[in-house]
Amino acid sequence: ATVHGEEKVAIVGSGLIGQNWAMIFAGAGYNVYLFDVDPNQLTKALVQTKQTLARYHSQGVIRGSGTSDEQAARIHGTSSLPECLEGAFYVQECVPENLDLKKKVFAQIDELASDNMILASSSSCLCASMFAEGLKHKENALVAHPINPPYFVPLVEIVPAPFTRSDVTQKTRLLMEKIGQSPITLQKESLGFALNRIQYACINECWNMYQTGLLSAEDIDKVCHDGLGLRYAFIGPLETMHLNANGITDYCERYAQGAYNVQKETFKPVPVMYDTDTAKMIEEEFSKSLPVDKLQARRQWRDSRLAALAKLKREMKDV
Ligand code: NAI
């Protein structure tokens, strides 16, 4: 296969996340090579990305340039890792979240990698220092963690290891911007990266309120999807403080004592969620409106809502 300099991207692992990256890069005009150890999965991934792009086109939520067929034609499948990597300037690893597997796959990629190739992992929890330490090209390795579904939720957490070269981190960030994702860069590795730490803080307080019998599970969730979430789709908690007074210093002068008192009074230590009694009670409440056999339909509903919101945000970008 002919490749055009910087334009080829390699994706290793063609499951949910690999397919999302493939569609995002193809929409941005890159030549995408998808590799998987499972040939059936690879065939499925090519069919699914083509169908999904066509569906997104008909729903008016497709990203990037060109028709859905043109975009799908930029996604190639290969059952050869060398062919996948040959001439690529960027590799996005998307194999299951398992440390030994990541180590093995990164070692294989390392053997075939060129000196300038960026080696990015989609890992949600593992840091690059855990699986890339021994590589010849470890300076080119880092985590670029997407958020599900990445096609409609653009945040990417870029997490360099102590040994990652700073220009690799910068180039990855620029690339993410170029393809229409929204990157953030952690200055160092930190468990949970950023999104999950904020998400856990939120979940913890939901759990705490539920356990103390303050609200139903449905009403707790409503606080986010009909309250905070609307705001947070456009501005974050810190800018919210800045806007809700005459600047964040003024906000703190006015409200910080109150916020401190509320937290001192109501916050509890980190909840032990693996003690599943609370989970069972919440599930019982949800099962009335959302039994487990209806979850797939609800996921599709969620993704179509996220697609519409992502489109709205793109349209409003410069307004
Ligand atoms: P998945 O299970 O849907 O896909 C994994 C794919 O990797 C499968 O197609 C499998 O055949 C393939 N694979 C297994 N061993 C391989 C090997 N040695 N070489 C090449 N391919 C191999 O998993 P998913 O959900 O796509 O996750 C991939 C990564 O993305 C994980 O690290 C996960 O933590 C991360 N991630 C997942 C998110 C999610 O919501 N599912 C969100 C953000 C990141």
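The model is predicted: local features need pLDDT of at least 70, side-chain atom pairs count only at pLDDT 80 or more, and totals for chains, interfaces and linings use all residues. Residues are numbered from 1 along each chain as its sequence is written. Helices (H or I, at least four residues) and strands (E, at least two) are DSSP runs, numbered from the N terminus.

**Sheet**

- Eight strands form an open sheet with mixed pairing, in the order β3-β2-β1-β4-β5-β6-β7-β8; two strands pair if DSSP finds at least two bridges between them.
- The edge strands, β3 (75-78) and β8 (182-185), each pair on one side only.
- From one strand to the next, the twist averages 25 degrees.
- Helix α5 packs on this sheet, touching β1 (8-12), β4 (90-93), β5 (118-121) and β6, and its direction makes about 160 degrees with that of β4. Axes are lines fitted to C-alpha atoms, for helices over the stretch in contact, and angles run from 0 to 180 degrees between N-to-C directions.
- β6 and β7 (residues 155-160) pair in the antiparallel sense over 5 bridges, and L142 has P160 in β7 as its bridge partner.

**Nonpolar core**

- A nonpolar core is a set of buried Ala, Val, Leu, Ile, Met, Phe, Trp, Tyr and Cys residues joined through C-beta atoms within 7 Å. A residue is buried if 20 or more other C-beta atoms lie within 10 Å of its own, exposed if 12 or fewer, and partly exposed in between, with C-beta atoms placed from the backbone.
- The largest nonpolar core has 58 residues, of which A10, I11, V12, V32, V91 and L142 touch the most other members.
- Helix α1 (residues 16-27) gives the most to this core, with 7 residues.
- Beyond its neighbours within four places in sequence, V32 is in contact (C-beta atoms, placed from the backbone, within 7 Å) with residues including V9, I11, F25 and I75.

**Ligand shell**

- Around the ligand are 24 residues, and G13, G15, I17, E97 and N148 come nearest; a residue is near if its C-beta atom, placed from the backbone, lies within 6 Å.
- α1 gives the most to this shell, with 3 residues.

**Backbone details**

- N148 and P149 are joined by a cis peptide bond, with omega about -10 degrees; P149 lies in the loop between β6 and β7.
- F193, in the loop between β8 and α8 (195-211), has a positive phi near 50 degrees, although F193 is not glycine.
- F193 counts as buried because 20 C-beta neighbours lie inside 10 Å.

Terms used
Two residues are in contact if their C-beta atoms, placed from the backbone, lie within 7 Å.
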